[in-house]
Amino acid sequence: IMKSLVSFVPMLELLAIGSLLVACSNSEARFAKEIPGVWQGTPEAISDNSAISASIIDTYEFSPASMTANETLTGAVTVSGMVNVSTQVVDSAFAEPIQLSAAAHTTISGTWTVVDDDEMALSMDVASLVVDVDPKAVAANGSPMVMGNPATDALNPEVRARIAEGIKQALSVRYASLRHMDDVKIKGALLKYEVGEEDFVLTRQSE
């Protein structure tokens, strides 16, 4: 009887460990099922540390996760951004600097991986970052010169190229540093998470 009890105790320990692993696996699987969809953030400031200052609204599109060979739940993610830009242009064609505003659309792709039941790792492919400045949204502010002037129109492609490069520099740093979403909590249409010591909120978009 004693031998049977001795052999029975380790078996109970193994069953307990197995149950714990299953529970952990189930909680991570539930977490992975809650994430897929389209989630939009709130305006955030970005800068290329020069003349460009801007704000961006990110929209995350998480694809469903699948189990990899090393038993991790991983899926694709695409982040699109709506950017509003303010900058100053100095050009010999004009007597004084021109304050310009512009709008741009950005996209970048990557992957998301479940780390725990409230944490996921992100790996954004900075090489996939695309910045498209809307030529119709470039406008002169605080100056008597308005778009439609031949000199300003001729400058427009160059201005857009400068703005696009500034946005790309700022976002390359931003997305390269976006590696983890911690303490993720989903309540209804809201997804709350932390990056470092900052809190963020995303809102689920209707299909």
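**Pocket notes**

I sorted the lining of the second largest pocket by class and found six nonpolar, one polar and four charged residues. This is a predicted model, so I kept an eye on confidence as I went. For the volume of the second largest pocket I got about 190 Å³. I then listed who lines it: Glu44, Asp58, Tyr60, Arg174, Tyr175, Ser177, Leu178, Tyr193, Val195, Glu198 and Phe200. Strand S3 (53-62), H2, strand S11 (190-195) and strand S12 (198-204) each give two or more residues to that lining.

**Arg174**

I picked Arg174 from the lining and placed it in helix H2 (residues 150-176). Is Arg174 buried or exposed? Its relative accessibility is 18%, and since the cut-off for buried is under 20%, I logged Arg174 as buried. Next I looked up its neighbours: leaving aside residues up to four places away in sequence, Arg174 touches Glu44, Ile46, Ile56 and Asp58. With Glu44 there is also a polar contact between the two side chains, at 3.2 Å.

**Confidence check**

I noted an average pLDDT of 82 for the chain, with 77% of the residues scoring at least 70. Confidence is highest in strand S1 (residues 37-40), at 97, and lowest in helix H1 (residues 2-34), at a mean of 56. Over residues 11-24 pLDDT stays under 50, and the model has zero contacts there beyond four places in sequence. Residues 142-146 also stay under 50, with five such contacts. A reminder to myself: where pLDDT is low, the predicted coordinates should not be read in detail.

Key:
Residues are numbered from 1 along each chain as its sequence is written. This is a predicted model: local features need pLDDT of at least 70, side-chain atom pairs count only at pLDDT 80 or more; totals for chains, interfaces and linings use all residues. Side-chain values use heavy atoms; hydrogens and water are left out. Helices (H or I, at least four residues) and strands (E, at least two) are DSSP runs, numbered from the N terminus. Buried means under 20% relative accessible area, exposed over 50%, partly exposed in between (1.4 Å probe, protein chains only). A polar contact is a pair of N or O atoms within 3.5 Å; within protein, one must be able to donate a hydrogen and the other to accept it, and residues adjacent in sequence count only if both atoms are side-chain atoms. Contact means heavy atoms within 4.5 Å. pLDDT is the predictor's confidence in each residue, from 0 to 100. On a 1 Å grid over the protein atoms alone, a cavity is a set of points where a 1.4 Å probe fits but cannot get out, and a pocket is an open set with protein on both sides within 12 Å along at least five of seven lines; lining residues have an atom within 4 Å of a point. Grid points are joined across faces, edges and corners, and a volume is the space filled by probe spheres set on the points. Ala, Val, Leu, Ile, Met, Phe, Trp, Tyr, Cys and Pro count as nonpolar, Asp, Glu, Lys and Arg as charged, and the others, Gly among them, as polar.
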